[in-house]
Amino acid sequence: MKSFLHVQDIGDLGRALAEAREVKASPFAWQHLGHNKTIILVFFNSSLRTRLSSQKAALNLGMNPIVLNVNGDSWKLETELGVVMDGDKSEHLREAIPVIGSYCDIIGVRSFAQFVDREAEYAETIINQFVEYSGKPVISLESATVHPCQAFADLITIDEYKTKSRPKVVLTWAPHPRALPQAVPNSFAEWMNAADVDFVITCPHGYELAPQFAGNARVEYDQMKAFEGADFIYAKNWSSYSDYGKILSMDMNWTVGARQMAVTDNAYFMHCLPVRRNMIVTDEVIDSPRSIVIPEAANRVVSAQVVMKRMLESL
Ligand code: CP
């Protein structure tokens, strides 16, 4: 595997889920693969789960993880090509990427959307520079439009908790005071569209995901109707794709609470975290026995480890 951004990069999902079960059962069984190998994790943005789960996955595989906090630990990096570098950014990605590549065997990159240029961000210009100029396999740790390690962990969690062969999975928009990227819902939709689930997206008008991620998913603008008979509720805020990066609604009727969960088929509640309580979801729901946000986060180690294992095997 040369890069991990999209569901197609992992290949057959049944095989990936079987491998995830093996890795979870025997996390240290592949330590020989990572012996004398190094992964550099480059963070342009904050993280708790991705940073720690990626390091833990690398350590489980016997690798040496190095974390670089860009804008904190290193020189500020210029990402635009052709600019006069007379501002506060001292180094360009064109030099930094091959240098980073020369120090490691695998690279992970977190680089959020800035909501400046939708076309450039949907072309994933930053992470694709890492793919092009590093000469090393590259993992998206949430880039401008995708968060594949999260979506893979979400799929693993659904596979573990499902009691029906084809569960109903609902992705619901929920309010948030800040404009958030579309990466998590984009990847969740991409992976659910590829999985054997009945997938529904519910959101206010204006929050439709980009067509390449929404695919053929059913879109229902009535949240209560979407929740009927659901087995899994996946809540997330995202900003508008069509009115790029804008907050169009703060309607607190969309906050997931007991009222909506009551019409589901005793659904499990999921969220990628971090979550703003009583904005996205009420305390009552996230603290209930049907909330699986912690095992979902724990599976971030498993998804990262499967991806790194595949990359080590193909070096
Ligand atoms: N879900 C997730 O990616 O969490 P962090 O932003 O804390 O890494």
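## Pockets, cysteines and strands

Y268 lies in strand 12. Strands (E, at least two residues) and helices (H or I, at least four) are DSSP runs numbered from the N terminus. This is a predicted model: local features need pLDDT of at least 70, side-chain atom pairs count only at pLDDT 80 or more, and totals for chains, interfaces and linings use all residues. Residues are numbered from 1 along each chain as its sequence is written, and side-chain values use heavy atoms, with hydrogens and water left out.

Trainee: Is Y268 buried or exposed?
Mentor: Buried means under 20% relative accessible area, exposed over 50%, and partly exposed in between (1.4 Å probe, protein chains only). Y268 has 15% relative accessibility, so Y268 counts as buried.

Trainee: How far apart in space are Y268 and D231, C-alpha to C-alpha?
Mentor: In sequence, Y268 and D231 are 37 residues apart. In space, their C-alpha to C-alpha distance is 6.3 Å.

Trainee: Which residue in strand 10 stands opposite V200?
Mentor: Strand 9 (residues 198-202) and strand 10 run parallel, joined by 3 bridges. Opposite V200 stands R218.

Trainee: Why is strand 6 largely enclosed by the rest of the structure?
Mentor: Side chains in a regular strand alternate between the two faces of the sheet. In strand 6, I106, G108 and R110 point one way, I107 and V109 the other, and all are buried. Strand 6 (residues 106-110) is largely enclosed because the buried count is 5 of the 5 residues.

Trainee: What is the bridge partner of G108 in strand 7?
Mentor: Strand 6 pairs in the parallel sense with strand 2 (residues 38-43) over 5 bridges. Strand 6 also pairs in the parallel sense with strand 7 (residues 138-140), over 3 bridges. In strand 7, the partner of G108 is I139.

Trainee: How many disulfides does a search of the whole structure find?
Mentor: A disulfide is a pair of cysteine sulfur atoms within 2.5 Å. The closest cysteine sulfur to that of C149 is in C272, 13 Å away and therefore too far for a bond. Both count as buried, C149 at 2% relative accessibility and C272 at 8%. The number of disulfides found is 0.

Trainee: How much space lies in the largest pocket?
Mentor: On a 1 Å grid over the protein atoms alone, a pocket is an open set of points with protein on both sides within 12 Å along at least five of seven lines, whereas a cavity is a set where a 1.4 Å probe fits but cannot get out; lining residues have an atom within 4 Å of a point. Grid points are joined across faces, edges and corners, and a volume is the space filled by probe spheres set on the points. For the largest pocket, that is about 650 Å³.

Trainee: Which residues lie nearest the centre of the largest pocket?
Mentor: The lining holds 29 residues. Nearest the centre are F112, E142, L180, P181 and P274.

Technical notes
Pairing = 2+ DSSP bridges.
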